Every structure is written in C-alpha cells, then in structure tokens.
Amino acid sequence: MTKPSLPDLLHAAVSAVGGTERPGQVAMAEAVAEAIDDNSHRLIQAGTGTGKSLGYLVPALAHGERVVVATATLALQRQLVERDLPRTVEALHPQLRRRPQFAMLKGRSNYLCLHRLHEGAPQDEEEGLFDQFEAATPTSKLGKDLLRLRDWADETETGDRDDLTPGVSDKAWSQISVSSRECLGASKCAYGAECFAEAARERAKLADVVVTNHALLAIDAIEGAPVLPQHEVLIVDEAHELVSRVTGVATGELTPGQVNRAVKRAAKLVDEKTADSLQTASESFERVMELALPGRLEEVPEDLGYALMALRDAARNVISAIGATRDKSVQDEDAVRKQALAAVESVHGVAERITNGSEYDVVWYERHDRFGATLRVAPLSVSGLLREKLFEDRSVVLTSATLKLGGDFNGVAASLGLSAEGVEGEDVPLWKGLDVGSPFDYPKQGILYVAKHLATPGREGTRGDMMDELAELIEAAGGRTLGLFSSMRGAKAAAEELRGRIENPILLQGEETLGELIKMFAAAPATCLFGTLSLWQGVDVPGPSCQLVVMDRIPFPRPDDPLMSARQKSVEEHGGNGFMAVAATHAALLMAQGAGRLVRATGDRGVVAVLDPRLATARYGSFLKATLPDFWYTTDRNQARRSLAAIDATAKADGA
C-alpha cells in the first residue's frame, strides 16, 4: 500500500475541522515532517490564524511512533484533546488505515486522590477532611467546595481537576489531592487499582499522541525519574513560555509556615529529641525571616547561613528517623509518614541547596503583606539543563506565534541552550528556524500607534498625560479596548480614574474570574477590559469587541527583580549586552504577545497603541518594533483617533 501524502492528509484534516488550508500551515507541516524523518530540531514561528495545531498534529499522527505535545495553557490542551485530535484522527483514519490513540497527562496533584478522599488528609491539628465543616460551617465556601468534590468523585471518569466546572479553591483541592512525593504508590495504596493518576499514566503509555504541559515536561527533565512515556518526537507549542515554566519548576522556596507544618507532621513519627531539634531549628529560621528585607542575597548572611545549616541537619535526622520507626498508634500510618517525609524532604532539599551555594543559583528574599517573608532560590539560567535534557534522543519541534525577537530566532535559541542557527559544535544540537508568516494582512488590518508626545514613564506616580491620552483613545474607539498594563497597580489606577471620566464600562482583572471577564468583554463591544500579565497572552476575542489594544508602557522587568537583574549582570560579566539579552528580550516577547491580541481573524481591524515614547525614540525601539506584527506605523495622535473613529463607525453600521 502506498503511503498517503502529507498534502492529502493535511487537506483531509483541515476539511474535517471546517478550516481553510493556508500556505503557512502547509510549509509548517512539511518542516515538522522533515524534522521527524531526519531526527532533527526546528524552531517554527507560526502567526495567529496559521492553524499551527494541525500543522504539527497531521505529520505527528502520520509518523506512527509516539509523540508528546507539551503546551503552556489549559485552553490549548483542551482544544487539542477535545476538538482538534478527535476530528483529525477521524479525518485521517481512511487514509492511514488506523485510528491513532491520544491521551492527556498532567502532574499527580491535578488528579483527585481516592485515598485522601476516603481516608481524610493527615492533618496538622485534629482536623478531619469533612468533619471540620459539616459539624461547624457547612455553608462556608470551603465546606461547599468539599461537599461538591465528594459528589463529583462518584461521577467523574478522569478525576482531572480541570474537568470540574465550576472549579474550586486551591485550599479545597489540596484536601483531596497529593503531590508525587506524598503518594503512597499504587501497589501500597488500598485505592491503587482505581487511581485516576495511574489510569492517566496507563492511557498515556498506550497513546500515539500524549498531550501534557510545560511543567510536567520540566519535571520529567529535572527529576530524572521518567514521568512521560518513551517517545521519539517532542512538540513544544507556546514555546515562548517554556523557559519561564522550567524556571518555575526549578525554583525552591522556604517559609516559616512551611517549616512549621513539616515540624508538626514529623513530631508524631520520631522520638522527642529528634523532633525538638527540628523545632529549635525552625524557631531560629523564623527569627531570621522576621527581619528579612526583600531583595537578592549575593552572599548568604551569616545568621541565615547558620539557621539553614541547622534546618538541613535536623531535617536529615528526621528523615532517617521516620524511615526507621513504626508507630501502630498512628492511624493510617503509611499516609501520615509519606506526607511528613514529603514536607521534611522539601525543607531539607531547599536548605541544602542554598547552603551549598552554587554560583549558578540566585537566592533572594520576598516579602508579602499577608504571608510575611519567603526565601527563594532559582537557577541563573536553565539553558544548560534544556540543552542537555530536551534535545537528546528525540526530535524536537518548538513552535509559537512569537519566537523571532528583534527579527531572528537566536535570542530564543540561546535561552534554550542552542547556538546560533547553523553553528555546529560538540554537544550543541543543530537546528533550523522557519517563519511561516501569518494569513493576516497586518499593514492593512492594523495600525501601530506610538504616543511619542507623552512624557517618559517614571517608576512611581500617576501619569496624567497618559490618562488623558487613554481616555481620548477609548472614546474614539467607542470602548472596544483591551488595556494591557505592566503592573496591577497601574491597571487599578487607570480603571479608578477613567470610571469617573468616560461612559464606557471598564472591567478590571481580579474583580471576577478571568474566564468570566473575557466572556463579558467579548459580549459587549462598548466595554473595556483592563489587566496585567495573563491578559497579555490569554485573550482571544476576534471581532469588533477588541479593536484597540493599549500598552501603558514597555513591559521591562522591574529593576529590583532579583532573578532578572542577576541574569542581566551575568550576561554583562561574560561580555554581552545584559539589557538587550534579558530586559529588552523579556519586553519584546510580552509586547509581541500583547499586540497579537488585536488581529485574531481575517476581518479584524484596529489599533495597537503604545503609550510609551521610548518605542519611537530609544535605540532599542527598533529591536522591539521588529518583534511586533508588521502593522502600519504612526506617531500621529490625530491619525490614530480618526482611524479608531472610522473603525468604530463601521462596526456600529454592521450592528456591533
């Protein structure tokens, strides 16, 4: 039997989802197929509207061996598993003569744990799982959530938190889930045969395509114990997010509350002397943390160093003691022991890591008004880890609408541990970059307006001229505005000020769930939606509801961000330009994602307004502009207003 051709397969898949075949999508599918056949690596930039999901799914399914697809957002995971994969598999079945299987796999704590549900969570105090609210406050939010979870457990087929609608709070979910460290293991657990997490793993082992998230991919790479099934091909979608997700997984933290919980959990499992030693170390650590001031610790202060060594040693003794004793008086001892071990091992691991003092780690204090001080440690760079763990023994395709920063792939490639394109070297994976463009006509569909006349934004204080400009733009646009702010404080200040000045309703992130806000924004064209980071890349509202995207300023990282400033300094010490490599790259990525909110369909029209004159006047402005879609560019405020008014008039004439 002749092998079906890739164009025929792609055509069948696109027809099945009711889409239109696009040249960029065809080019992408061919590049993915070539990478799989050659066992090589690709970085593929595919603009909004390309149909990149099918661009990689079709060659992946045609390949026949197992493929892992890792995404950053829940929305895309759901789209792949609930819409794209079922339709594509059905469409390709007649030509492939097989029906490829697919499955979703997440970290263990995303699944309901039946042992926790039925036996109760081992508690620090005398709290049971359900009694504390059934007896006391069955009407409380936590109580209602837990009762609903118990009912849901009887009907769910997956136990997956994301299948529970509406969702529950993290606090409620933590009562019926376990981390991988706390899990008893299927063979030791009375509910092992029915375990949702184990069932998901089994489905993944049998699947041709496994859809997972960046965090699980990072855990698989960092922890050494394989979580994902063996696979020949890895496709990383939303790849612009990968470095920050891997950094998040590789970041450790210690708080006095966390250490206290570990002490309480371990106390009933070890002798008094061992428990007292951990308690004393915990109290010393708490005293140091009470005086902690936010900021990077280039060297660990002496008092913190002593406190961490005491914690490390006491935690190690507790770990040994828990392993050597058994206490028949403790109910459900295996679960209690496992949870205590997980808590103490976490404390030990972070204390030891900071005490060892690697030059490749950054250590800092953070302070929160409500939760007090946190001690954090994160890798200066994850590029070496990614180079070593990601690109070995498999073909890797990384794709996103935003991979070319400043006009080329090299910045993103460097963050992934890759050399410049085409450069060979020992242990340096070779890769090729491909920009398949976008089906949208950006110069005709959008305008990039930079408010060059405004004052340069400072770190503090309100920007009266910026507020005036924003109000005028929104009024010209008739609402229809997505306001992207570099800080939550900026978003709140703008919402408060403009709610008293303009008639258009303003929705503010944090006043309702993000999903609900986006729904309300899409439903009412005269409305504005203001918010911060998650809106820069989480909003997909095609049509007339979003015709003006405003960025209040270039989103450079805060100068006092310990990790970013340490990375910048490290680049400079090695002879590079730290500002361009770290701060400008960070800003370019966010701005490209933010500008991408404007044009989501071929009929969309609008303006991206940047209320920061530095985009027009600073030397790095050209680097940032080269990262944005190729909109028609102007600094003429009257032109921007006239265009917005015309777009608004057209939308109103069309009934929107």
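The model is a predicted one. It holds 3 cavities of 30 Å³ or more. Strand β17 is largely enclosed by the rest of the structure, since 5 of its 5 residues are buried. A search of the whole structure finds 0 disulfides.

**The largest cavity**

- The largest cavity has a volume of about 250 Å³.
- It is lined by 24 residues, and the closest to its centre are Cys113, His115, Val178, Cys183 and Leu184.
- Three helices each supply at least two residues of this lining: α5 (114-119), α9 (196-206) and α15 (333-356).

- About 40 Å³ of space lies in the second largest cavity.
- Its lining is made up of Leu217, Ala218, Ala221, Ile222, Val246, Leu385, Leu386 and Leu390.
- By class, that lining divides into 8 nonpolar residues, no polar and no charged.
- Helices α10 (214-222) and α16 (383-390) each supply at least two of the lining residues.
- The most comes from α10, which gives 4 residues.

**Helix α10**

- The buried residues of α10 are His214, Leu216, Leu217, Ala218, Asp220 and Ala221.
- Leu217, Ala218 and Ala221 also line the second largest cavity.
- An α-helix has 3.6 residues a turn, so residues three or four places apart point the same way.
- The cover over the buried residues of α10 includes the strands β2 (67-71), β4 (209-213) and β5 (233-236).
- Helices α11 (242-249) and α16 are also part of that cover.

**Strand β17**

- Strand β12 (residues 446-450) pairs with β17 in the parallel sense, over 5 bridges.
- Within that pairing, leucine 448 has valine 608 of β17 as its bridge partner.
- Strand β16 (residues 548-551) also pairs with β17 in the parallel sense, over 4 bridges.
- Here valine 550 has alanine 609 of β17 as its bridge partner.

**Threonine 48**

- Threonine 48 sits in the loop between β1 (41-45) and α3 (52-63).
- It counts as buried because its relative accessibility is 17%, and the cut-off for buried is under 20%.
- Leaving aside neighbours within four places in sequence, threonine 48 is in contact with Ala401, Ser438, Pro439, Phe440 and Tyr442, among others.
- Gly596, Val599 and Arg600 are also in contact with threonine 48.

**Cysteines**

- The whole structure holds 0 disulfides.
- Cysteine 113 is in no disulfide, and the nearest cysteine sulfur, that of cysteine 189, is 6.0 Å away.
- Cysteine 113 is buried, with a relative accessible area of 15%.
- Cys113 is also one of the residues closest to the centre of the largest cavity.
- Cysteine 528 has its closest cysteine sulfur in cysteine 546, 10 Å away, so the two are too far apart for a bond.
- Cysteine 528 is buried too, with a relative accessible area of 0%.

Key: Residues numbered from 1 in each chain as written. Predicted model: local features only at pLDDT ≥ 70, side-chain atom pairs only at ≥ 80, totals over all residues. Heavy atoms only, no water. 1 Å grid on protein atoms, 1.4 Å probe; cavity = no way out; pocket = protein on both sides within 12 Å on 5 of 7 lines; lining within 4 Å. Points joined across faces, edges and corners; volume = space filled by probe spheres on them. Nonpolar A, V, L, I, M, F, W, Y, C, P; charged D, E, K, R; others polar. Buried < 20%, exposed > 50% of the residue type's maximum accessible area, 1.4 Å probe, protein only. Contact = heavy atoms within 4.5 Å. Pairing = 2+ DSSP bridges. Disulfide = S-S within 2.5 Å.
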